Amino acid sequence: MVIGLGLIGGSFAKGLRASGLCREVTGFDLDPQTRRLAVELGVVDRCPETLEEACREADLIQLAVPILAMERLLRTLALLELDIERIVLTDVGSAKGSVVRCAAEAFGRNLPRFVPGHPIAGSEQSGVGAANPALFRRHKVILTPQTDTDPGALALVDRAWRVLGADVEHMQVEHHDEVLAATSHLPHLLAFGLVDSLARRHENLEIFRYAAGGFRDFTRIAGSDPVMWHDIFLANRDAVLATLDEFQADLDLLREAMVEKDGHHLLGVFTRARAAREHFGKILAGRAYAEDEYAAALGIRIEPVAALRGEAPVPGDKGIAQSAIVLAALAEGSSEISGFRAAEASLATLQAFRDMGVVIEGPQQGRLIIHGVGLHGLQAPPGPLYLGGSASAMGMLAGLLAAQRFDCMLTGDAALSRQPMGDVVEPLCEMGASISLHDGHAPIRIRGGQALVGIDRSHLRQAAPALLMAGLYASGNTRVSVVARQQGELLGGFGCPVRIEAGGLALAAGHALVAQRLDIPGDASMALALAVAASLAAGSELTLEAVAMTPALDAGLTLLGRMGANIRLLRRGYVAGVPVASIAVSGAGLRGGDVPPDCLPIIAAELPVLLVAAACASGTSRFSGIGALQGLERLRLRYTLDALLELGIRVVVDEEQLTLEGGALAGRKVAANRDLHVAMALCIAGSHTGGGLQIDECPASVRDFIELAERFGMNIKTEAGL
Ligand SMILES: NC(=O)c1ccc[n+]([C@@H]2O[C@H](COP(=O)([O-])OP(=O)(O)OC[C@H]3O[C@@H](n4cnc5c(N)ncnc54)[C@H](O)[C@@H]3O)[C@@H](O)[C@H]2O)c1
Ligand SMILES: O=C(O)C(=O)C[C@]1(C(=O)O)C=C[C@@H](O)C=C1
């Protein structure tokens, strides 16, 4: 039985009727016209003329009248002598505290079978004509049971809403009223207030004539029912006043910023708001920032290619972009970063710094402006920093936050929360940090205000980026593994000298960072893959512009040179401390080559594409020292060897050495196991496979590589185009 057959009560009744959950759905409304329409429109089975008759035999009664009508209605119901030990009572009022109070007063006690509720769905329409059985589908319904609420009654109300497709959540009454005051009631107050304020001005017609999309979007809800909202504001007065005062103070700050022409403040508010609107949904749902990276795997098809030709810039390296964001945020002054590609790690890092008060404009067309706050200018974030699926962001931030004055918590999505973080956190604690993990995993809780002391942990590869960050604030020198070399180079570029030695990177703290302007250098792995492709195809002539010369790329190109490739490095230089060069490759054909054991750890990340180079070369290649490969590197080796076997290549592997006999590739289908390095390597293999090759299970991030490869003449189709 539903009392009040307007938008909400009518939608609930109509939906329940359609669901078949109830034997009969009856209703009651004060308005005779609504009672008639409710039956005519099929909203209820019956709509008796008196409340008493409508309530007779009801098992569940929902109160869906305006909030301030609830008090009288509850008192009337109390007088009807209903069997309240049997009947379940619920309501849909937009504020809960007042309804709960009125119910207790009307019945003289808390009713255990009263389940207060509130559907967070609706529209600016009202009345029975607007009843829509699908209104609550995929919307939240908040129930606010009390400690003595009967579990059976709660389950019944829960079930009724779920049958209508709603997601039911439970909350405490006071919490509900505070949250809804901020997210629903305050926006309505502002919309009503703004439209009225403009309408009362002399030139109101002019204003409304030129009011376009922005005004319409902002004020749609000012078309809502005035009586309903009058009731809500009076019923939830205290909570709305509290949130209004807070907002008014923020509004005053905005006003002051305009008076003072303080563009920095304005930009801070606007950029944070925009990012928050974009990311809140993901943070709440515990999803990744760049969901594309984790989207369904792609299938691609490559046709053989005669020669690669052209000259093009290589898309920016995602790892350098992430480090550059961190250093720019900690620098003095504003840094301008271009060539930025959205990726999980960098998006998570951007959001974290915004949460710590750094004003960041963009990204817009690959461009960011980061207004650095200096090494000691970060502010305590309002809540935990959510890092989506990025382990690298979590590592770097753990190191950085270990040295701040404030406490902080780092969280991530489900996959990141399963990754062990002990190897990163333990050495930080040895430096003096106070950090605790949950069973070895995130959330990471960091106590601020600790004095850190530099240490030498150059044998630890995984912890290197975190230690380098913490080292910026430590007393004395910090030495970390050379795997963080690129980060070390960037630090140098931002004004903090890092000595790069064979055994490790040595960082001396106490240097302020200086803002930089940098175009992110091209991705080294993409460049190496295309250098292999061009070397293999006679007649190729290509130039890859402004590539980050990582140690792995350096070593990979040297190996290719030994295998007969014709490669020249042009326009060598530095971008914010990172060595860059353009790579010119002429097709020359390749012969087998040898990788000595000391070189293997350096080229480990690029092993898939170098194995493909060896597979397409004439003669035998040997890769020594493969015993040193770790976790992901080993996995990639296995995926690549599986695919090469499928393509008819003979490989002999023992514990330390891999021997591979090059030859013609033949096969139809291989899988990249969602690994980007493997997918790029197999694309190169595909362009040398007679009849072409289908590659399944490519990560969505391979699209950037495909786009670049196509510019040089490679013929690749993604699944949709197959
Ligand atoms: N509209 C929304 O977006 C929305 C969303 C969630 C919750 N709510 C809540 O739902 C309730 C109803 O809102 P609505 O939008 O459906 O309003 P509505 O105006 O569309 O419907 C209210 C109905 O109640 C009837 N009514 C009023 N006093 C009555 C009484 N004493 N006895 C019987 N009938 C009576 C009216 O005749 C009307 O048909 C309110 O408490 C509101 O806070 C509204
Ligand atoms: O979508 C709208 O028009 C609404 O106003 C719905 C809205 C809201 O603010 O989200 C309004 C009041 C309710 O109590 C619940 C939902």
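Residues count from 1 along each chain as its sequence is written, while chains are lettered from A and ligands numbered from 1 in the order in which they are written. As the model is predicted, local features need pLDDT of at least 70 and side-chain atom pairs count only at pLDDT 80 or more, though totals for chains, interfaces and linings use all residues; side-chain values use heavy atoms, with hydrogens and water left out.

**Ligand 1.** I looked up the shell first. I got 26 residues around ligand 1, with I8, D29, V65, S94 and G127 the closest (a residue is near if one of its heavy atoms lies within 4 Å). Next I checked polar contacts, meaning pairs of N or O atoms within 3.5 Å. Backbone atoms turned up: I8 has a backbone N or O atom 2.8 Å from an oxygen atom of the ligand. V65 puts a polar backbone atom 2.7 Å from a ligand oxygen, and for G127 I also read 2.7 Å from a polar backbone atom to an oxygen of ligand 1. On its own, ligand 1 has 830 Å² of accessible area, and the protein covers 87% of that (Shrake-Rupley, 1.4 Å probe). I sorted the shell into 14 nonpolar, ten polar and two charged residues; Ala, Val, Leu, Ile, Met, Phe, Trp, Tyr, Cys and Pro count as nonpolar, Asp, Glu, Lys and Arg as charged, and the others, Gly among them, as polar.

**Ligand 2.** Which side chains reach the oxygen atoms here? I found H118 with a polar side-chain atom at 2.6 Å, S184 with one at 2.5 Å, and R220 with a side-chain N or O atom at 3.0 Å.

I then moved to an open, mixed sheet of four strands, ordered β10-β23-β25-β24 (strands are DSSP E runs of at least two residues, helices H or I runs of at least four; pairing takes at least two bridges). In the antiparallel pair of β23 (541–548) and β25 (578–586) I see six bridges, and T543 sits opposite A584. Helix α20 (524–536) packs on the sheet, touching β23, β24 and β25 (contact is heavy atoms within 4.5 Å). I noted about 165 degrees between the directions of α20 and β23, with axes fitted to C-alpha atoms, for helices over the stretch in contact, and angles running from 0 to 180 degrees between N-to-C directions.

Terms used
A polar contact is a pair of N or O atoms within 3.5 Å; within protein, one must be able to donate a hydrogen and the other to accept it, and residues adjacent in sequence count only if both atoms are side-chain atoms.
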